Amino acid sequence: MNNGKFGQLYAVGVGTGDSELLTLKAARLIQEADVVAIPEKNKGKADSFAWEIVNGALPEEAITGERCFLHFPMTRDASVNVPAWRAAAMTILDRLKQGKSVVFVTEGDPSVFSTWAYIQEELDEIAPEIVPIIVPGITSITAVPAATKIPLADGMERFCVVPATYGIESLDTLVKEFDTIMLIKAGRMIPQLSAKLKQLGLSDTATYVSHASTDKQEIYHDLDQVPEEHRYFSMVQLSIRSRRGVLRGKQSVA
């Protein structure tokens, strides 16, 4: 908890898209907050997937706090990103200095590939006395297996999660060490991933899911059938447990 100088800050995961997956705690905190801080992709457009999820779960009149949209540019350019992250953190800090409680909502979980990480890093630097409360949410790492009906792991099996942008380069090693591999942000990497899996003889282990848990959800078991257009909310689940015997020279596991 924070000392009396500041209001309380919460980082709240709102899940992967299905508004019914919003947790009871998340719903309560959002309704009780003096300020709801909301990441947006395009400045001034209020185009926030996290906010869409919240709106689908809670009636407008139930959210009485200030809506504070914070711009998070969709770029890897540090000269653009870092100033935006600092500006967002300063906006939150301003509200906290007024003694207001602030709930920062983020899709998925705050601790898993989330915009929250940038806010936390900035606040740690400019106001280390701020102690946030982090509220977990449903992540795509579990929503995707729920869609594919293929378990992540059981017994002594192991799984890993890597961004597809560089995870493909590590597949030669990963397929020998893990029974399931979750490749996040895979939309743009499908051609390269398909080629790599063919090289490894593992094409039939891949299942592609976009927009897991939402009404836009699509599943493909053949990567060559995935449409060419980029899907932002996409992952590929590699389930190689049935190939374990081949890869390790042992009897295959069913």
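Visitor: So a pocket is an open set of points on a 1 Å grid over the protein atoms alone, with protein on both sides within 12 Å along at least five of seven lines, and lining residues have an atom within 4 Å of a point. Which residues lie nearest the centre of the second largest pocket?
Guide: Phe49, Glu52, His211, Thr214 and Lys216, out of 15 lining residues. This is a predicted model, where local features need pLDDT of at least 70 and side-chain atom pairs pLDDT 80 or more, while totals for chains, interfaces and linings use all residues. Numbering runs from 1 along each chain as its sequence is written, and side-chain values use heavy atoms, without hydrogens and water.

Visitor: How much space lies in that second largest pocket?
Guide: About 310 Å³, taken as the space filled by probe spheres set on the points, which are joined across faces, edges and corners.

Visitor: How does the lining of the second largest pocket divide?
Guide: Into 3 nonpolar, 6 polar and 6 charged residues. Asp, Glu, Lys and Arg count as charged, Ala, Val, Leu, Ile, Met, Phe, Trp, Tyr, Cys and Pro as nonpolar, and the others, Gly among them, as polar.

Visitor: How many cavities of 30 Å³ or more?
Guide: The count is 1, a cavity being a set of points where a 1.4 Å probe fits but cannot get out. The largest cavity holds about 40 Å³.

Visitor: What lines the largest cavity?
Guide: Leu9, Trp116, Gln120, Leu123, Asp124, Ala127, Ile130 and Pro132. By type they are 6 nonpolar, 1 polar and 1 charged. Helix α4 (residues 116–126) gives the largest share of this lining, 4 residues; helices are DSSP runs (H or I, at least four residues) numbered from the N terminus.

Visitor: Different topic. How many salt bridges?
Guide: There are 8, each with a side-chain nitrogen of Lys or Arg within 4 Å of a carboxyl oxygen of Asp or Glu. Within helix α1 (residues 24–32), arginine 28 and glutamate 32 lie 4 residues apart, about one turn of the helix, and their side chains meet at 3.1 Å, N to O.

Visitor: What does aspartate 172 pair with?
Guide: Lysine 196, with the closest N and O atoms 2.7 Å apart. Aspartate 172 lies in helix α7 (residues 171–177) and lysine 196 in helix α8 (residues 190–200), so the pair ties together parts that are 24 residues apart in sequence.

Visitor: Is lysine 196 buried or exposed?
Guide: Lysine 196 is buried, at 14% relative accessibility, whereas aspartate 172 is partly exposed at 33%. Buried is under 20% relative accessible area, exposed over 50% and partly exposed in between, with a 1.4 Å probe and protein chains only.

Visitor: Which residues are linked in a network of salt bridges?
Guide: Glu66, Asp94 and Arg95.

Note on methods. Helices (H or I, at least four residues) and strands (E, at least two) are DSSP runs, numbered from the N terminus.
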